[in-house]
Amino acid sequence: MSPQIVGPPAAPGAAAEPDRVPGAVPAAADGEGLAAAAGPAVGPAAAPVAAVASGTTAALPGLPQALSARARTLAGAVRRRCADLARIESPSGDAPRLDALAEELADGFRATGATARREPGPAGDHLVIEWQGRDESLPHLLVVGHHDTVWPVGTLADWPVAEQDGRLTGPGVVDMKGGLAVLEGALALLADLGERPHRTVRLVVVSDEEVGSPDGRRLVERQLRGAAAALGLEPPHPDGRLKTARRGSTRVRLTVTGREAHAGNDAHDGVSAVDELVDQLVLVRGLAGQPGTELNAGRISGGSRANVIAGRAEAELGLRFSTAEAQRRTLDNLARLTALRPGARVRTEVLSSRPAWPERTGNPLLRHVRSLAAVLGQQLDGAPAGGAGDTNLPGSRGLPTLDGFGAVGAGAHARHEYIRLDQLAPRIALLAALLAVPLPRLRDRGEG
């Protein structure tokens with residue numbers, strides 16, 4: 001693994017090495033801080049990042065240039081970091097590989113000034129990373145991510161990480177090795193400027209997001225108390241828009257038990273679990289046809305031989321819901337399924353579940369981020385997303401939440417997965433600005 005994004009500072013006045021990953025840009029001379037990073041000061045440009053007024057777009061002269069210039073210089077290091085992370089295969093459930101990647105990530109974030117600890121999980125360790133804020137009396141900012149992917153070990157053998165036509169492609173680059181690298185770059189940018197986040201930033205990286213966070217969920221929930229807002233490192237919409245809401249999702253295992261018998265001599269003594277499962281799936285498709293519910297039969301298995309009446313069969317279903325009511329109604333119906341054949345048994349088991357995160361009227365957090373983007377010369381908006389993720393938890397509970405702060409690209413869970421290299425610098429600058437400046441009031445009660 002190559003060095004992380006942040007390394008030893010360059011000597012004052014020294015030029016950055018073209019291919020150097022540590023530091024990526026020369027550090028400012030002692031005592032010069034933001035003003036040196038921004039170049040010649042214009043008016044009050046030497047003021048700290050925190051001087052940006054809360055809730056306004058009136059950044060001081062020099063600040064946008066400082067962030068954007070540093071982000072452009074760091075983009076090459078972030079690109080290499082993303083590629084290196086993608087070369088560490090980390091499929092859900094592979095604890096040794098996930099733990100190796102967790103330690104690599106922890107080292108990279110520690111280099112930006114964070115504290116990091118690993119939280120044991122049954123299928124791989126999770127991470128809790130924290131950066132001290134300038135004002136520790138404020139509620140923390142929660143950031144959520146994951147380091148597992150949907151790609152099995154060996155995928156790199158016939159689909160290596162590669163750059164072509166302004167894109168970086170490979171298993172997991174957009175979902176979500178790119179998001180983790182972009183956040184590391186944003187914190188590296190602030191560290192290079194001698195800055196810290198405005199408030200404490202707490203990052204939770206779970207090892208089981210791609211299977212519904214059955215264990216990681218508890219870790220995310222633990223950090224919700226006292227949080228001012230939550231940000232997600234999933235990729236944005238392909239056009240760069242942030243994600244302002246998500247459908248609920250539930251993974252269900254439908255298990256049917258029958259009775260085995262010889263399919264030729266004693267067929268009348270058997271009860272086919274496969275036949276029962278097929279008929280149950282027809283019923284389930286009808287249940288899922290209700291408004292606000294979608295169904296994907298993702299995996300089916302059962303039986304042993306063609307001359308044996310199947311004694312067991314099962315299906316894993318993926319359900320998505322636009323509202324909490326649709327989710328409750330469908331799951332209640334699934335729980336009441338009964339066998340259609342005498343002697344068969346049907347069992348419904350919820351493997352993981354995420355509540356629906358509805359669109360928020362007005363969305364002051366999106367307005368704030370859109371204003372910051374405008375200061376940086378970016379155009380940005382948001383829209384609901386079809387998929388679910390760990391931001392469903394804070395969003396469903398009313399905590400101001402936005403997702404899609406990861407690398408811009410497309411093709412998650414598909415063989416054409418890629419990130420756009422020209423969009424790395426804008427994303428790094430945006431995240432750095434969002435972490436560095438005060439948040440406006442985001443809720444009616446309490447500090448935001």
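Which residues form a nonpolar patch on the surface, and how much accessible area do they have together? The patch consists of V274, V278 and V282, with about 230 Å² of accessible area together. Patches are made of residues with over 30% relative accessible area and no salt bridge, with nonpolar side chains (Val, Leu, Ile, Met, Phe, Trp, Tyr) joined within 5 Å and like charges within 9 Å. A salt bridge here is a side-chain nitrogen of Lys or Arg within 4 Å of a carboxyl oxygen of Asp or Glu. Accessible areas come from the Shrake-Rupley method with a 1.4 Å probe, and for residues only the protein chains shown count as cover.

The model is predicted: local features need pLDDT of at least 70, and side-chain atom pairs count only at pLDDT 80 or more, while totals for chains, interfaces and linings use all residues. Residues are numbered from 1 along each chain as its sequence is written, and side-chain values use heavy atoms, with hydrogens and water left out.

**The chain as a whole**

The protein chain has eleven helices and 16 strands. These are DSSP runs numbered from the N terminus (helices: H or I, at least four residues; strands: E, at least two). Of its 448 residues, 54% count as buried. Buried means under 20% relative accessible area, exposed over 50%, and partly exposed in between (1.4 Å probe, protein chains only). The chain exposes about 18,400 Å², and carbon and sulfur atoms supply 50% of that area. Among contacts (heavy atoms within 4.5 Å) between residues at least 6 apart in sequence, 79% join residues at least 24 apart.

**Cores**

A nonpolar core is a set of buried Ala, Val, Leu, Ile, Met, Phe, Trp, Tyr and Cys residues joined through side-chain atoms within 4.5 Å. The largest one has 75 residues, and L183 and F405 have the most contacts inside it. Helix α5 (residues 173-192) gives the largest share of this core, twelve residues. Apart from neighbours within four places in sequence, L183 is in contact with F109, W131, V143, L203, L233, L431 and L435. A second, separate core has 18 residues, including V252, A273, L277 and L331.

Of the 20 residues of α5, 19 are buried, so the helix is mostly covered. After α5 comes G194, which has a positive phi near 75°.

**Single residues**

| Residue | Relative accessibility | Class |
|---|---|---|
| D84 | 15% | buried |
| V274 | 31% | partly exposed |
| H262 | 37% | partly exposed |

D84 lies in helix α2 (residues 63-86). Its side chain and that of R87 are joined by a polar contact of 3.1 Å. A polar contact is a pair of N or O atoms within 3.5 Å; within protein, one must be able to donate a hydrogen and the other to accept it, and residues adjacent in sequence count only if both atoms are side-chain atoms.

V274, one of the patch residues, is in helix α7 (residues 273-287). H262 sits in the loop between β9 (248-257) and α7. The side chain of H262 reaches the backbone nitrogen of N265 at 3.0 Å. Not counting residues up to four places away in sequence, H262 touches A267, N307 and I309.

L351 is part of strand β12 (residues 345-354). Leaving out residues up to four places away in sequence, L351 touches P214, R251, R253 and E316.
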